[in-house]
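Please keep the sequence and the structure in view while reading.

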Amino acid sequence: VQLQASGGGLVQPGGSLRLSCAASGDIAGINEMDWYRQAPGKPREVVASITSGGSPAYADSVKGRFTISRDNAMNTVYLQMNSLKPEDAAVYYCTALVYSDDDGHSHYWGQGTQVTVSS
């Protein structure tokens, strides 16, 4: 199973970006999907999570600005980021709890996509 993240880049404060992460491989189903981020010198932190049924959860720091969603048919999770702040700058990682008939449940990470917020 591979997770391919995309959509990062450079944006000015107050701007928006949309991250995508597509899972591929031996997938019978995907339970929770998450977005994490890690800024230089800081620990990795969870930003948003979404269940297979579409119920989201957010870190307090991004509530009201970020929206997580998923397309189960496409095995893809999205993160719409609005009103971006310099403190949102980080490498963003997607994760997925994947079920396969051969391996049962396994947790996978994407490769990370850089988000830079600067004027």
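## Strand pairing around D34

In strand 5, S49 is the residue that stands opposite D34. The model is predicted, so that local features are reported only at pLDDT of at least 70 and side-chain atom pairs count only at pLDDT 80 or more, while totals for chains, interfaces and linings use all residues. Residues are numbered from 1 along each chain as its sequence is written, and side-chain values use heavy atoms, with hydrogens and water left out.

D34 also stands opposite T95 in strand 9. Strand 4 (residues 29-38) and strand 9 (residues 90-100) run antiparallel and are joined by 8 bridges. Strand 4 pairs with strand 5 (residues 45-50) as well, again in the antiparallel sense, over 5 bridges; two strands are said to pair if DSSP finds at least two bridges between them. Strands themselves are DSSP runs of E with at least two residues, helices are runs of H or I with at least four, and both are numbered from the N terminus.

From strand 5 the pairing continues to strand 6 (residues 56-58), which runs antiparallel to strand 5 and is joined to it by 3 bridges. S49, which stands opposite D34, also stands opposite A57 in strand 6.

## Hairpins and loops

Which residue takes a positive phi in the hairpin of strand 4 and strand 5? That residue is G41, with phi near 80°, in a hairpin that has 6 residues between the strands. The hairpin of strand 5 and strand 6 has 5 residues between the strands, and there G54 takes a positive phi near 95°.

Most residues other than glycine have a negative phi.

| Residue | Relative accessibility | Class |
|---|---|---|
| N75 | 22% | partly exposed |
| S83 | 41% | partly exposed |
| G112 | 16% | buried |
| K42 | 52% | exposed |

G112 lies in the loop between strand 10 (104-109) and strand 11 (113-117). Not counting residues up to four places away in sequence, G112 touches V91, Y92 and Y93, a contact being heavy atoms within 4.5 Å. The C-alpha atoms of G112 and V91 are separated by 5.8 Å, although the two residues are 21 residues apart along the chain.

K42 lies in the loop between strand 4 and strand 5. Its C-alpha atom is separated by 9.5 Å from that of A90, which is 48 residues apart from K42 along the chain.

## The protein as a whole

The secondary structure comes to 0 helices and 11 strands, and from the N terminus on the elements run β-β-β-β-β-β-β-β-β-β-β. Along its principal axes, the C-alpha trace spans about 50 × 25 × 20 Å. The radius of gyration is 14 Å, which agrees with the value near 14 Å for a compact globule of 119 residues; this radius is taken over C-alpha atoms, and the globule rule is 2.2 Å times the number of residues to the power 0.38.

Of the 119 residues, 39% count as buried. Among contacts with a separation of 6 or more, 54% are accounted for by residues 24 or more positions apart.

The accessible surface comes to about 6,100 Å², of which 46% belongs to carbon and sulfur atoms; such areas come from the Shrake-Rupley method with a 1.4 Å probe, and for residues only the protein chains shown count as cover. The mean positions of the 8 positive and 11 negative charges are 13 Å apart. Lys and Arg count as positive and Asp and Glu as negative, while His and the chain ends are not counted; the place of a charge is taken as NZ of Lys, CZ of Arg, CG of Asp or CD of Glu.

Conventions:
Buried means under 20% relative accessible area, exposed over 50%, partly exposed in between (1.4 Å probe, protein chains only).
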